[in-house]
Amino acid sequence: MDALLHGFITATARLGLDYRFLLDDYERVPFVQGLGVSIEIILSTMTASAIAGLVLLLALRGRNRLVAGLARGFIEVTRNTPTLVQLYCAFLVLNMLITQWLRARGIDNPFKPFFWVVLVLSLHKAAFHAEALRAGFDALPSQTLEGAASLGFSRATRFWRIELPLALRAALPALVNNMVELVKASAVASAIAVGDVTYQSIMIWTQRDNVLALMLLILAFFGVLTWMVTLAGRWLERRYRIPGYGY
Amino acid sequence: MTLTNLRRLLTVAVLGASFTAHADTTLDKIDSRHEITVGVMIGGSPFGSLDPATQQPRGFNVDLANELGKRLGAKVQLVSVLPSTRVQFLQQGKVDILIANMEYNAQRGEILDHVATPYYRVGGTAITLKTSGIARWADLRGKPVCISQGSSYIRPIVERYGAIPRAFPGSSQSLLALRGGSCVAAVHDAAPLLYPLLQSDPEWRDYRTLQPEIEPAPSVIWMRQGERDTAAKLDTFVRELHRNGWFIATEAKNGLNPPSPALAEWHRQLPAEN
Amino acid sequence: MATDSAAAAGKFAVTRLPPGVYGVLGVLVTGALLWSLAPEAGSRGETLARFVEWSPALAHGFAMNVLISIGAIFIGTVIGLLAGALAMSASFPGRLARLWIIAFRNAPWLVLIYFTTYVFPFEIHAFGITVPFPDWLKVTLGLALPASANIAEVFRGAVASIPSAQWEAAASLAFSRWQILGKIVVPQCVRRMLPPWMNVYAIITMGTALSSLVGIHDLLDTAQIASSTVARSSFTVLTYVATLVIFFAYCYPISWLTRSFEKRLRTA
């Protein structure tokens, strides 16, 4: 293992890439941990955004106009402002105010940067999921909906048993695309010192000046992740294909 | 994977192309083109900030850059740098010299050259709530500490005191994160950044700083390795500016309080030489 | 959905406000709430005065964001259309184009921006002249790369939405593959590509906020410098919320326009 590592470092050094940080415990250990943190962020955000997206969709399609209007307004704000700015506003401003408010009452602020990253990214992606699902609902053939209504299903049953599964299948490509975007967006967590792989790389390259070497590692890492998500998406599409639609 | 290999090949080719950018040494550039690009840190402190009315940079670092340019007879182009970008910009050749509150330490000395005479002395200190229970540096063991990405204080606080660093792109985010409770203390430059906060800003009245300062290290002007001639030339100018009190006057003009005893020391000591 | 059907009719009911206005109201209300909670040292009027003092700098910063976004979408469109067209053929350039698209659709934008900022040279020596390569141009290129990949996909989607019957009919009339593309398919595609293209532009504009992390004096960076210089909580809150509002004020009309184009295309 060690010999392999040294061999790798010498080989890449010839290309001008400095991977000596892999030998230094002080730098290698946080980097490897950063890979884990990135994966944690991505998995948590995928789950949270899926749930939040569904909730948003229910709010949008609900009969309460105020709730629908608020949901619509929320989607517009989060889709039309940069994630980084949302993250700063949430973590630097909102978190600071919460801490000061809680401190005055002698309570510790329980919200960690990890929580804020997952919250902001999930809500951001939830807006996109809700839009994709809405497009999926719009694509439902009206004959199917009328048929379900004529069979006497209640509104709730119709939604959960017939409309949602069909809409999910129609929206699947867009949803998978959103998930790929989510994987890429997780790199923004480095701006609030969450300890993901991009953050650890910045910590290493500001001391060692081996930007290119680390860039290649990060690109490979994210490339593998997005490839896996795309594969999973294609498998899901194949499995849940509706015969007679698409090809 | 072929994709990764292809990407690697492409990026190495680009890297190769980028090396051709290191054509001139700095002194040649000053002599032939009469211009010099100076990297200055614009972070919002008296050392470097933006003038809201004109959106131009101003501050101690900016004044020093302009003064050196005047003495070199070269037009000064200012490029703002952050602790997280300054070394890369210098190495790339994007800036010729760095006036970026970058202290001398042995690790940096290995990859870069510097002007022998420092222009300021800065130590780091930690700012923390009075009620946080942190009274000595050793109390930081195992606790999260907010800091700037690329700061020279990261290694000392980790290796000497066992603190856990949380590095932000700039000091303003780091201090906001401190107020948000993400860390128990923030470690930054004492005199340029933290002391003025405590003195003039009533919002920070519940905070205090730790003594003694860590790494009181001289701030020097940095340049790429091998540019000794430029360093020597700038050195003569820096010594003269110490001698004729220019630094002390500029410090006062930019509102740096309290006046640094190091500057007074150099002002007194240097006249003895040629 | 009630709001959608009203919009689909091509006009807005006078009593119902566009959804984005709810959003702006929400942000303003939240901002006002936050500000009233922010512990203030010194009068609020003073904070407002300082904010007015800094607003030209903030506007200057946002102009940088707009500049980068326009540059990125322009370069990205040119490359993207080329790559999209090439990617449809089975030749070697076609394979390269497909590789390009996959590579830049799967790379995080932040990493691409770090990449172009640090790896590209800061000036180019060609034919004896030295051309400076300013850092905002590097960020523009860094954003143009994923933009081109997205636009190539938009192009592919638009071409795929043309019924295959048209391809077959044209082929039976002895049109070559490239002739079909050029004379029949692409002219129809231009209209269809407009809404998703505008969508890509909006996303790119939001991506320009990342340039603050490499030291470009854009809106976010100026907001950070301003809040460190003034160093008051209430000013910080005001500045960051203002940043949010400014981006929203620019991007929301674009997405609103995009949607109205989409509706018009669907009913057309």
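Predicted model: local features only at pLDDT ≥ 70, side-chain atom pairs only at ≥ 80, totals over all residues.
## Overall form of chain A

Chain A contains nine helices and zero strands, so that its pattern along the sequence reads α-α-α-α-α-α-α-α-α. Its C-alpha atoms occupy a box of roughly 70 × 55 × 25 Å along the principal axes. The radius of gyration of chain A is 23 Å, whereas a compact globule of 247 residues would have a value near 18 Å.

Of the 247 residues in chain A, 44% count as buried. Among contacts in chain A with a separation of 6 or more, 76% are between residues 24 or more positions apart.

## Helix packing around helix 7 of chain A

Two packed helices are described by the angle between their axes and the distance between the axes. Helix 5 (residues 113-138) of chain A packs on helix 7 (residues 155-185) of chain A at about 150°, and their axes are 8 Å apart. Angles over 145 degrees count as roughly antiparallel, and helix 5 and helix 7 of chain A are therefore roughly antiparallel to each other. Their crossing is right-handed. On the helix 5 side of chain A the contact includes A:Leu121, A:Phe128, A:His129 and A:Phe137, and on the helix 7 side it includes A:Glu163, A:Leu168, A:Asn178 and A:Leu182. The residues of this contact comprise 14 nonpolar, three polar and two charged.

Helix 2 (residues 25-61) of chain A also packs against helix 7 of chain A, at an angle of about 140° and with the axes 10 Å apart. That angle makes helix 2 of chain A oblique to helix 7 of chain A. This crossing, too, is right-handed. Here A:Ile42, A:Thr45, A:Met46 and A:Ser49 of helix 2 meet A:Met179, A:Leu182 and A:Val183 of helix 7. By class, the residues of this contact are five nonpolar, two polar and no charged.

## Contact between chains A and C

The contact takes 37 residues from chain A and 40 residues from chain C. On the chain C side, helix 1 (2-8), helix 2 (19-37), helix 5, helix 8 and helix 10 (233-267) each supply at least two residues. Helix 10 of chain C gives the largest share of that side, 11 residues. The side of chain C that touches chain A divides into 32 nonpolar, eight polar and no charged residues.

Helix 5 (residues 109-119) of chain C is mostly covered, with 10 of its 11 residues buried. The buried residues include C:Trp109, C:Ile113, C:Phe115 and C:Tyr118. The buried residues of this helix pack against helix 7, helix 8 (197-208) and helix 9 (211-239) of chain A, helix 4 (86-92) of chain B, and helix 6 (135-160) and helix 8 (177-207) of chain C.

## Residues with positive phi

Most residues other than glycine have a negative phi. A:Ala193 has a positive phi of about 55° although it is not a glycine. A:Ala193 lies in the loop between helix 7 and helix 8 of chain A, and it is buried, with 26 other C-beta atoms within 10 Å.

In chain B, phi of B:His34 is also positive, near 55°. B:His34 is placed in the loop between helix 2 (26-33) and strand 1 (35-41) of chain B. With 12 C-beta neighbours inside 10 Å, B:His34 counts as exposed.

Definitions and conventions
Residues numbered from 1 in each chain as written. Chains lettered and ligands numbered in written order. Axes fitted to C-alpha atoms, helices over the stretch in contact; angles between N-to-C directions. Helix = DSSP H or I, 4+ residues; strand = E, 2+ residues; numbered from the N terminus. Parallel < 35°, antiparallel > 145°, perpendicular 65-115°, else oblique. Left-handed = near helix turned anticlockwise from the far one by under 90°. Contact = placed C-beta atoms within 7 Å. Nonpolar A, V, L, I, M, F, W, Y, C, P; charged D, E, K, R; others polar. Rg over C-alpha atoms; globule rule 2.2 N^0.38 Å. Buried ≥ 20, exposed ≤ 12 C-beta atoms within 10 Å, placed from the backbone.
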